[in-house]
Amino acid sequence: MESSGTPAHCPYCALQCGMNLVPGAGGTVEVRERADFPVNRGALCGKGRTAPAVLSSDVRLTSPSVRSAEGVLVPASWEEALERVAEGLGRTRARYGADAVAVFGGGGLTNEKAYALGKFARVVLGTSQIDYNGRFCMSSAAAAGVRAFGLDRGLPFPLEDVPKTGCVILVGANPAETMPPSLRYLTELKENGGTLIVVDPRRTRTAEQADLHLAPRPGTDLALALGLLHLVVAEGRTDEAYVRERTTGWEETRAAAMAHWPEYVERITGVSVPELREAVRLFCDPEAAMVLTARGPEQQSKGTDTVGAWINLCLATGRAGRPLSGYGCLTGQGNGQGGREHGQKADQLPGYRKLTDPAARAHVAGVWGVDPDSLPGPGRSAYELLDALGTGIRSLLLMGSNPVVSAPHAAHVEERIRSLDFLAVCDVVLSETAALADVVLPVTQWAEETGTTTNLEGRVLLRRRALAPPEGVRSDLEVLHGLAARLGGGRGGPEKGFPTEPEEVFEELRRASAGGPADYSGISYRRLAEENGVFWPCPAPAGTGDAVHPGTPRLFLDRFATGDGRARFTPVAHRASAEEPDDEYPVLLTTGRVVAQYQSGAQTRRVEELNAAAPGPFVELHPRLAERLGVAEGDPLAVVSRRGRAVAPARITAAIRPDTVFMPFHWAGEGRANTLTHPALDPISRMPEFKVCAVRVEAVTP
Ligand code: SF4
């Protein structure tokens, strides 16, 4: 394959695979291998290979549209559409106050867009009500990471360390479906003599490659981690010197773990005591080991404590902040990492600063040219924001998200969205949420614009523009510029406050992030182009004689980012999920992904090849449950929870626990899995309980 072309990165997941784009027929681009990018070394999954199809899709939006007096979306000029948005948001603000206007962003937005969106919300609209769909992705891991280490960066080490460690425990992660090129790190781990333990209620394609597969009942992986920690202590596997020198809080945590006897944990989780002992042996025998989590433990109403339990295991065994060891989170969305660092999260300012920190407010307000006291405080988290639509919040600007499909308790969220006074959506296609809008603004996509993303390793990357966008389409930065011009705000007026050139925005982001936990001040577009990415933190040289900072691929090797430099244990205990099975709803539902679709499917469902591979939802169930229901492969099944009903064909497999069914969540309509999911929130991260709820399953009679 060719290796020339414009170096770019995939628009989808957090692996941010490198690719080259070359001109194709009819003004399109084609994907070519880019072997020099170290993360994927040229490999791509089907989503990445077919990503250009969305650029030239027939269903691509190329004109703004506004809702007519008859209630239908009709084409409009940019001038008219932007006026309508400014008028809609401005009217709500004038009538009900700034916090009645909300902004909802996305983990796929570039760093520049996430930064500009946060600034737009707080400076132009003056609202505290901004959050993004990344809250539904990795927020529990972020909260647990900050609590234990003082800092959250998905992986505190590069992926290249994974094959060199001795054992990896993958908890609720299925990279065979979510990011297939990353599987080679696990293959190489095993080739090097390391072992792989997979914790998942399903025997996924990833679990098939494991040396040990532990299949706990959904919602019990906190107890599982406690059982392992109990055995670590009981078998004398604690790294006493490390615990003494590099951590605090061990005694309370140890006592909590000792209350979780292996036999008790076996009863809760369904994982046998011999399996627990084997896991401890595999994890503790080698000199180095890692725990990597993904959405399984994180998307629970006890997600922060569940991840915290796995971090406690790492700390007790001396696995964090040491070479080739540690805890990491496999972030999901393309810019899930950068998207949470630069100000579109309800409680944060650029540079991963806390919105409640007076020094952080003063610094960022100085960059923005506003009074620190004028900056609003923290707002509602993503689900709470969506739940308040039509009541506390009357108007919404939505960018890069499709909550009608991706939010929990989706029928309720859809009903809340319909009750808004005004909704504006920026998107590339008419998603299920955009279809409900009063104004739809068609925006540019990945290959049509330059910008930066930060992958799951904390590696900041430059995506370059490879082709001109279709006529009639504008960038999200141009949209914010146009709205700021109409609504006012920003030092020097909107011309200066909301530049449309991504590099100009990045230069401001560098200044705003300087000195913060996620310090990008030493990173420039030039460096990103020359160095194939730079890991944050990367502060700018302090004086003229100072060397350029190389970036920080590995965190915590000398000290953690806490006040005293020590990692903090937090004692946690097993607790039930928000909804446990009962006579009426006797089965557990868990949700997840398939390889050919991405998130709400707004883009990938429009790609022929991907649709052919994964044309619709399904209900995965065990043969014993299928027999009890009297259903055969492909029969329509109704899955009913307290929140609604979804119908999809049966897929019968012994790879799932008999007490559990699984549905992928990429589709709308009657097979929408999120119609069923529970919106109970984690008290710290505000993550909803996507991964477990109680349902009943019924055969659908024709
Ligand atoms: Fe790589 Fe993820 Fe894109 Fe697939 S979707 S090509 S794994 S970045």
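Select strand β16, residues 395–399, in this predicted model. Both of its faces are covered. Look at one side for S395, L397 and M399, and turn to the other for L396 and L398; each of these residues is buried. Five of the five residues of β16 are therefore buried, so the strand is largely enclosed by the rest of the structure.

Select β6, residues 101–105. β6 and β16 run in the parallel sense and are joined over four bridges.

Keep β16 on screen and select β17, residues 422–427. This pairing is also in the parallel sense, over five bridges. Which residue of β17 is the bridge partner of L398? Show V425, which is that partner.

Now move to a helix. Select α10, residues 250–258, and colour T253, A256 and A257, which are buried. Turn the view until you look down the axis of α10: the buried residues fall within an arc of 100°, so they line one face of the helix.

What lies over that buried side? Select α8 (221–234) and α14 (303–316), which are among the elements covering the buried residues of α10.

Methods:
Residues are numbered from 1 along each chain as its sequence is written. This is a predicted model: local features need pLDDT of at least 70, side-chain atom pairs count only at pLDDT 80 or more; totals for chains, interfaces and linings use all residues. A residue is buried if 20 or more other C-beta atoms lie within 10 Å of its own, exposed if 12 or fewer, and partly exposed in between; C-beta atoms are placed from the backbone. Helices (H or I, at least four residues) and strands (E, at least two) are DSSP runs, numbered from the N terminus. The arc is that of the directions from the helix axis to the C-beta atoms. Two residues are in contact if their C-beta atoms, placed from the backbone, lie within 7 Å. Two strands pair if DSSP finds at least two bridges between them.
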